[in-house]
Amino acid sequence: RLPVPEEPEEVHELSLEFNRLLHSLNEQVIRDNQFVSDASHELRTPLTAIRGHVALLKRHGQAHPELIPDSLAVIDDESMKMQRLIESLLALSRMDHAKVQVAAIDVAGLARRVVARFQQQSRQQLEVLLPDKLLALANAESLEHALLALLSNANKYAPANTVVTIAGEQHGRRVELSVADRGPGIPDNEKKRVFDRFYRLDASRSKAISGTGLGLAITRRLITLSGGTITVLDNHPQGSRFVITLKAPNSENL
Ligand code: ADP
């Protein structure tokens, strides 16, 4: 006689749990596969250009030395692009296993320091709307990296001499930090996807503004690891407004 399970309820629960686990593992494998295939695709593009110019120089370089400087410039550019891409990919993969320390820090002071550091390289006018002090739960290094990424994007995608506003405010238990520009903005149906790995708007690709499409994916990862969220909204009258939302510390965190 077969043994009857003593707690069929529990067995049922376990098998459901097992199914859920299998399902999520499956999804993870699909995501990883997609990642590897996207990464290979993005690396192949500069590599093809490099190999093309190497072949050109091998065949015609001696007879036509005037080809050399242009080809070398392409090889230099494209290999730098590959290097940036590989560095970003490594950063992302390190973060897959990362645990970050979160503490109550003055994010207004931190944002002011980031702005001061970025000031010289900015093509825009940086406007700062921050209180003297604004406490939030965050990881200082991650938040610095995130704000720098948002400022460099504003710098890249918004026209020179326009205003970029860095603001911070507390709303009840939430603290919001935002970077708003007067650039082309992001259409509603793309707002979620700009945080996906390798996603770039066609407008940015076609204007040949350099980028890997990894900056915002890394930024989102850093912010979620610190327990926050990041979204993008329309800026008024024009442009985009990236908002980082963090938790305000309660008395226990202070
Ligand atoms: P990258 O800038 O390297 O392409 P990101 O992940 O930082 O990658 O951004 C993804 C895409 O989102 C960009 O290619 C661009 O199309 C769009 N984007 C990001 N920031 C802005 C911005 N401030 N204004 C308009 N478009 C933006």
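Select asparagine 235 to begin: beyond its neighbours within four places in sequence, asparagine 235 is in contact (heavy atoms within 4.5 Å) with Ala180, Asp181, Arg182, Ser240 and Arg241. The model is predicted, so local features need pLDDT of at least 70 and side-chain atom pairs count only at pLDDT 80 or more, while totals for chains, interfaces and linings use all residues. Residues are numbered from 1 along each chain as its sequence is written, and side-chain values use heavy atoms, with hydrogens and water left out.

Asparagine 235 sits in the loop between β6 (229–234) and β7; helices (H or I, at least four residues) and strands (E, at least two) are DSSP runs numbered from the N terminus.

Next, select phenylalanine 195 and phenylalanine 242. Rings of Phe, Tyr and Trp (its six-membered ring) pair if their centres lie within 6.5 Å; planes under 30 degrees apart count as stacked, over 60 as edge-to-face and the rest as tilted. The count is one aromatic pair. The ring centres of phenylalanine 195 and phenylalanine 242 are 6.1 Å apart and their planes stand at 80 degrees, so the pair is edge-to-face. Phenylalanine 195 lies in the loop between β5 (174–180) and α5 (202–206) and phenylalanine 242 in strand β7 (residues 240–247), so the pair ties together parts 47 residues apart in sequence. Phenylalanine 195 is buried at 4% relative accessible area, and phenylalanine 242 is buried at 6%.

Finally, select helix α4 (residues 140–157). Its buried residues include Leu143, Leu147 and Leu150.

Technical notes
Buried means under 20% relative accessible area, exposed over 50%, partly exposed in between (1.4 Å probe, protein chains only).
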